[in-house]
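Visitor: I'm new to reading structures. Could you walk me through one, feature by feature?

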Amino acid sequence: MSVEETLKKIVTRVTRKPEVAFSPGATFEELEADSLDIVQILVALEDTYDIEIQDEELQEIKNMGDFIAYIERKIGEKGK
Amino acid sequence: MGRTLTLPSIVVTGMGAITPLGLSVAEYWQGLVNGRSGSGPITLFDASAYPVSVAAEVKNFDPEKYMPLKRVDRTSRCIQFAIAAVKMAIESARLDMSQEKPEKVGVIIATSGMMSIIADEGEVLRKRGPMRIDPLSIAKTAPSMVTAQAALEIGAKGPNTSLNSACASGNDALGTALNHLRLGHADVIIAGGAEANVNPISIASTARIGALSRETDPAKASRPFDLNRDGFVFGEGAGILVLETLEHARERKAPILAELASAGWSFDAYSETAPDAETQAIAMHMVLQDAGVAPEEIDYINAHGTSTRLNDAAETRSIKMVFGDRAYKIPISSNKSMIGHLACAAGAAEAVAAVMTVREGIIPPTINYETPDPECDLDYVPNKARRQPVNVCLSNSFGMGGQNCSLIIRRFP
């Protein structure tokens with residue numbers, strides 16, 4: 001499963017808002033994820049990919065597209 | 001000289017119950033009246049290596065029936081029991097929150113929270129480090145969140161407290177709510193207890209101190225006042241009462257189920273685990289005095305009756321201290337023989353039963369009473385419910401640690 005598909009699955013599972021459409025252009029706000037949801041999404045991603053997400057690195061992330069790229073980079077760094 | 005207060009009457013206008021005998025007040029009451037045991041083999045975790053194999057679990061509970069999925073995700077079983085019973089109670093009280101001043105509706109729930117989650121997360125912490133901990137673990141565990149989530153769900157902005165005085169907590173929550181209402185801090189308080197104690201840490205620890213029954217036949221394990229009792233059976237669930245001033249209940253034309261007449265408290269200051277009959281009697285004297293009820297007026301005692309050797313003998317002694325020879329004439333029974341010991345929620349679940357008793361004129365039995373114990377020689381309503389009018393019911397709850405709290409629930413004319 002691609003990172004995008006995994007992220008989409010996790011976001012939908014956590015927010016419990018299947019009616020809200022996931023797209024790379026969407027922000028957490030548009031996906032109706034509140035702060036507790038975001039923490040749970042981060043933990044689920046860390047668990048799934050065995051990565052560590054740094055809070056300060058998230059400042060640059062504007063939408064899901066950025067977030068997917070960030071996670072792909074983290075997965076890539078893991079092998080090094 | 002203190003001020004003389006004219007205290008308003010406080011009435012019960014609604015009830016909710018999630019119990020090992022069923023998921024409504026009606027099912028719970030039917031189970032009690034029929035002398036049905038809610039105990040069974042432990043299924044909530046693998047207890048094969050534990051010295052105790054029996055518990056009174058809540059069966060077929062589906063939290064999604066009572067709250068949005070999101071709240072299910074963010075809460076534990078204990079909180080979910082509380083929310084379910086609160087919603088049932090306000091529905092039965094026909095309490096329309098949109099017609100109430102939200103700051104005048106409080107919620108007070110007795111609970112120990114859900115410490116088992118901390119034990120599980122401790123395992124995660126040791127094995128996988130701090131970044132793998134469930135970020136919601138404290139929110140799911142903390143006793144404060146039980147009452148907070150329940151009030152959040154219904155939008156109640158009045159006094160909000162989770163209360164813990166061990167196994168006296170359920171009564172303590174109702175007594176504390178009573179006093180808030182008497183003093184005008186709220187018009188309505190939704191009060192009671194919630195507990196989900198059938199988990200490895202609670203069962204292991206309580207078994208190790210020797211308080212739990214080791215009987216392997218579930219239906220026979222809880223046997224209060226019987227000579228061969230060997231400890232209590234852990235139960236789980238929630239009991240919730242909607243309490244309000246009589247004036248407020250009348251204004252909104254609420255159904256009035258009974259009166260919560262008074263509460264009395266004491267603390268043993270004697271032992272961490274062993275009960276003290278003399279101090280239990282102080283709580284009973286206080287509750288009688290506070291209600292202005294003479295000992296002769298008590299028609300029935302809903303006992304703490306845990307099924308431990310020490311409790312049942314001490315409670316029998318304390319009842320004799322308060323009622324003298326009349327103790328032999330008062331029917332006394334233990335709901336714990338059927339629902340097990342709901343710990344912090346016990347008093348509240350038993351208050352629901354006490355309200356039903358004064359309304360219906362039926363006294364639920366103490367089941368599994370087979371062999372009389374010379375130390376427990378009162379009328380425990382053995383094995384079969386008794387049809388008998390009850391105007392005034394005394395309900396006892398005693399905590400491990402020494403907390404005692406008794407309530408008087410009176411039939412409302």
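This is a predicted model: local features need pLDDT of at least 70, side-chain atom pairs count only at pLDDT 80 or more; totals for chains, interfaces and linings use all residues.

Visitor: Let's start with strand S13 of chain B: how many of its residues are buried?

Guide: To call a residue buried, we want 20 or more other C-beta atoms within 10 Å of its own. In S13(B), residues 392–398, that holds for 7 of the 7 residues, so the strand is largely enclosed by the rest of the structure. B:Val392, B:Leu394, B:Asn396 and B:Phe398 point one way, while B:Cys393, B:Ser395 and B:Ser397 point the other way.

Visitor: Which strands pair with S13(B), and in what sense?

Guide: Look for the bridges. S9(B), residues 300–302, pairs with S13(B) in the parallel sense over 3 bridges, and there B:Tyr300 stands opposite B:Cys393. S14(B), residues 403–410, runs antiparallel to S13(B), joined by 7 bridges; B:Leu394 has B:Ile408 as its partner. The hairpin of S13(B) and S14(B) has 4 residues between the strands, and B:Gly401 takes a positive phi near 130°.

Visitor: What about the largest nonpolar core: which residues have the most contacts inside it?

Guide: Those are B:Ala82, B:Ala85 and B:Val352, in a core of 129 residues. Helix H3 of chain B gives the largest share, 11 residues. Domain 1 and domain 2 of chain B each supply at least three residues. Another core, of 10 residues, lies apart from it and includes A:Val14 and A:Phe67.

Visitor: And how many residues from each chain make the contact between A and B?

Guide: Chain B brings 7 residues and chain A brings 8. On the chain B side, 3 are nonpolar, 4 are charged and none is polar.

Methods. Residues are numbered from 1 along each chain as its sequence is written. Chains are lettered from A and ligands numbered from 1 in the order in which they are written. Two residues are in contact if their C-beta atoms, placed from the backbone, lie within 7 Å. Ala, Val, Leu, Ile, Met, Phe, Trp, Tyr, Cys and Pro count as nonpolar, Asp, Glu, Lys and Arg as charged, and the others, Gly among them, as polar. A residue is buried if 20 or more other C-beta atoms lie within 10 Å of its own, exposed if 12 or fewer, and partly exposed in between; C-beta atoms are placed from the backbone. Helices (H or I, at least four residues) and strands (E, at least two) are DSSP runs, numbered from the N terminus. Two strands pair if DSSP finds at least two bridges between them. A nonpolar core is a set of buried Ala, Val, Leu, Ile, Met, Phe, Trp, Tyr and Cys residues joined through C-beta atoms within 7 Å. Domain bounds come from an automatic or database domain assignment.
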